[in-house]
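Student: Can you walk me through this one? I'd like to talk about helix packing, then aromatic rings.

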Amino acid sequence: MDTRTARQIGSAAASEAVRRATRDDRLRGRVAERTPAWESCLRELLAEALVADVAPVPERLLLLCRQSQLSRDAFDALGHHLLSALLPHRVGADALIRVGALLGTVRGRLHPAGPARNGRRVTTGRPAGNDAARRYTAPRPPEHLPTPPGWFCTGCGAAWPCPTKQSQLLVEFGGASAGLAVYLGACLVAAVQDLPALSLAQARERFLGWLPRTRF
């Protein structure tokens, strides 16, 4: 992909992702407060990710997330909108993996409890002094992400997508949508390249065979 095409796709996908994010209650208006900055940041990041051999360093995105006081949960919602906006452009498996890698890098450096206010960290749920409440609070479930080149799940160690991730993907993409099929197809192509022993028939069954029989 040439640089001009990458910039055009990056611009279109960034604008669409920000448009969706500003309407998402999970982001609580934090993206809407800095719409031009978010569009510019995501546009440049996508344009670089689409042509680079490795994921770009997302320092600007990390800074903007902190300035906008995004928690990990809010960032997950933003990442979903970004990938959903990018999928229709059919940028290929490698580009999707690079974008996913940079999103994972930023997420890992955000504080899980939420934004800081007046120098103090804001947490959700009951007050910090309530030991009984903390004792009976369920721990955050593990993330079920793929780990190329073996393509095992980070959450349970099963072949990805594991049953848990399959359920999560259906929720994230609103059912067996065309976007989900494109995303899984891109993962299939990357997995076949990473796993020579995996036949095409096995890859299709693993990545697409579990989808509900719905016409796209």
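Predicted model: local features only at pLDDT ≥ 70, side-chain atom pairs only at ≥ 80, totals over all residues.

Student: At what angle do α2 and α4 pack?

Tutor: About 55°, with the axes of α2 (residues 35–51) and α4 (residues 72–86) 13 Å apart. That angle makes α2 oblique to α4. Their crossing is right-handed.

Student: Which residues of α2 and α4 meet?

Tutor: From α2, Trp38, Leu42, Leu46 and Leu50. They meet Leu78, Leu82 and Leu86 of α4. The residues of this contact are seven nonpolar, no polar and no charged.

Student: OK, rings now. How many aromatic pairs are in the whole structure?

Tutor: Three aromatic pairs turn up in a search of the whole structure. Take Trp151 and Phe207: the ring centres are 5.8 Å apart and the planes sit at 80°, so this pair is edge-to-face.

Student: Where do Trp151 and Phe207 lie?

Tutor: Trp151 is in the loop between β3 (146–147) and β4 (152–153), while Phe207 is in helix α9 (residues 200–207). They are 56 residues apart in sequence, so the pair ties together separate parts.

Student: Buried or exposed, Trp151 and Phe207?

Tutor: Both are buried. Phe207 has 0% relative accessibility. Phe207 also forms a tilted pair with Trp160, at 6.3 Å centre to centre and 55° between the planes.

Student: And where is Trp160?

Tutor: In the loop between β4 and α7 (163–172), 47 residues from Phe207. Trp160 counts as buried too, because its relative accessibility is 0%.

Student: What do Trp151, Trp160 and Phe207 form together?

Tutor: One aromatic cluster.

How values were computed:
Residues numbered from 1 in each chain as written. Heavy atoms only, no water. Axes fitted to C-alpha atoms, helices over the stretch in contact; angles between N-to-C directions. Helix = DSSP H or I, 4+ residues; strand = E, 2+ residues; numbered from the N terminus. Parallel < 35°, antiparallel > 145°, perpendicular 65-115°, else oblique. Left-handed = near helix turned anticlockwise from the far one by under 90°. Contact = heavy atoms within 4.5 Å. Nonpolar A, V, L, I, M, F, W, Y, C, P; charged D, E, K, R; others polar. Phe/Tyr/Trp six-rings, centres within 6.5 Å; stacked < 30°, edge-to-face > 60°. Buried < 20%, exposed > 50% of the residue type's maximum accessible area, 1.4 Å probe, protein only.
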